[in-house]
Amino acid sequence: MTDYKNDLCSTRLFYCQTCCKSVSAEAINVDCDPHCAHNHVTVDFMEFVNTVHRQAEDVMQQAWLGLDALTEDIENARLDIETLDQRTREAFNDVRLFSRRMWSAMEEKENKLFQQIIDAQQRKLEVLQEKYKNLNDDKVRLSQAMNALKQTVHYAQPCIIADNPDDGISRVLKSKDMVLAEIWQIRQNWKTRIGSDRSENWISFKGFDKNLLFAIANVGNVVLNDPGTIGDRRPNRDHTSSPLCFLNETITTGIPRGRPIPNYDHDIVLPYRNRTRLLIWSTEIMIVGNDGDRANLNNLCRPWGVICDTKHIFVSDRSNDRIQVYNQDGTFVRRFGSSGNGPGQFNRPAGITIDTWHRIIVADKDNHRIQIFTTEGEFVQVFGEKGEAFGQFLYPWDVTTNAAGQIAISDTRNQRVQLFSPQGQFLCVFGGKTMPNVMKELNSPRGLSFTPEGDLLVTDFNKQRMVLISHEFSRMRVINCEVVEEQTHTPLLRPQGVITDDKGNILVADSRHNCIQAFNSFGSLLFIFKPGPEVMGVPLSVAFLGDGRIAIVDDRDRVLLVRLENCQLPQKR
């Protein structure tokens, strides 16, 4: 046995990682440090060789990956150099074109100023020439009168001395009076001319050189970063406006805010914020749109959207393909719309809103478009069609506007929200296939409302939540709503219509919880309105009235006008 061990030790190699050399088993204490066996790290030589080979192969693999990455980066750098050179030339051309536009505008202004100078000179020259002529005529007449008087005095002197003094004196007096008359006339003319200054000989140019030089110095910037979704070099490519208009253009600052009732003189604020009183009851509920008579043609059928202005309540009567208008006391006023796909016709209209210009904007859901009307129901315009491209829709559900009149639409089946100008021009989009990084963020977006800060509040119907999209449509955050102790699931179940007050508080129709919930902008619960199924069905949409009430559309073909009252939180059993 001893001989076998000695043979094994004599043939087995180790590698001392401390000494960085190989040693045999029998010489491990001789060739290495005397304490090698105890303090150094030794491993089997072949295992170490295999480990080194594996590490080398891993390093080689990483090196190959690094070479591939460097090759790709080198190619990208080459392309970037070429692109930089191209964009440099384009930037030079843009500056040159912009400068030429400015020079062209300045030359046009110069020609206009020259023409103004010529016209002013002509007008003033005519006045001065007339003045010169009148003065010269006065001088000539006075000179003639003086000469006549001089001659009369000279020739009348002998007559006065001789035998006919009366005739001589008479002629002298007559000539004297003629001279006095001319002097008097000249004095009158002189007084008239004294009243006018000598501004007729004045023409000058006054330029606001400091302001203009400042404007020119700040008229453009060289952009070094990617301009983003607005398009490369788009600002410099806009040749539709003149440089002078650009220089004089007033830049609007600030973010358009949202309001629950546009153009309302007072703030609309939820009055109930006492955290010790979470359940809310109502002592006043008015039913609008369903009087229980099935034969009444004025009744609603599966309404969804509701919005109020300072006088009226507007309801999208979905299954009747029309818009119903009521006074705030619940009396019927008028209706407009019919079934179809022409202007002013509907196919299951859903969301409805009023913009700052008192226009009624309706999401014509099953026609995949948006229609705009006056408050009297007169058709204004339509935009959108069925599809997935920008400006197209697939069952647009809700619509809302901000103070600038921009229109936001929940494009439900396209899983996105689109923003349009007041004239229906597509501006930007959040979500959907066009934004793959966030395409899974929205799942059937439904209710919409702009906040006082200008952000867009969205009820994400299938994800049981509310999200807040930034005003520039670039990012999103989830509002983590507070859960009531009695709830055993998510704070929201199938949220639908939503509205914010002027302080940012949120009122949302929680359809599966059969209640209206109120949160502040951070998601803290303010109150719950849950009167029970005998009072309210499944809530679909909600809006504010100016007198402090709220309008709720439920699934019982009606609108409830509710004035809320506080109620103590019930005791747990």
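Colleague: How many bridges join strand E16 to strand E17, and which way do they run?
Modeller: In this predicted model, 5 bridges join E16 (residues 407-411) to E17 (residues 416-420), and the two run antiparallel; strands here are DSSP runs of E with at least two residues, numbered from the N terminus, and two strands pair if DSSP finds at least two bridges between them. Residues are numbered from 1 along each chain as its sequence is written. Local features need pLDDT of at least 70.

Colleague: Which residue is the bridge partner of Ile407?
Modeller: Ile407 has Phe420 of E17 as its bridge partner.

Colleague: What sheet do 4 strands form, and in what order?
Modeller: The sheet is open and antiparallel, with the order E15-E16-E17-E18. Strand E15 (396-401) and strand E18 (426-431) stand at the edges with a single partner strand each, so one side of each has no neighbour in the sheet. Neighbouring strands are turned by 20 degrees against each other on average, direction ignored, where axes are lines fitted to C-alpha atoms.

Colleague: Switching to E21 and E22, how many residues lie between them in the hairpin?
Modeller: There are 6 residues between them, and Phe473 in the turn has a positive phi of about 60 degrees. Strand E21 (residues 465-469) and strand E22 (residues 476-479) run antiparallel and are joined by 4 bridges, with Ile469 partnered by Met476 of E22.

Colleague: Where does UniProt place "repeat: NHL"?
Modeller: The unreviewed UniProt entry places this feature at residues 299-329, 333-376, 380-423 and 491-522, in the numbering used here, though annotations may be inferred rather than shown by experiment. Residues 491-522 are 0% helix and 50% strand, with end C-alpha atoms 14 Å apart.

Terms used: This is a predicted model: local features need pLDDT of at least 70, side-chain atom pairs count only at pLDDT 80 or more; totals for chains, interfaces and linings use all residues. Side-chain values use heavy atoms; hydrogens and water are left out. Axes are lines fitted to C-alpha atoms, for helices over the stretch in contact, and angles run from 0 to 180 degrees between N-to-C directions.
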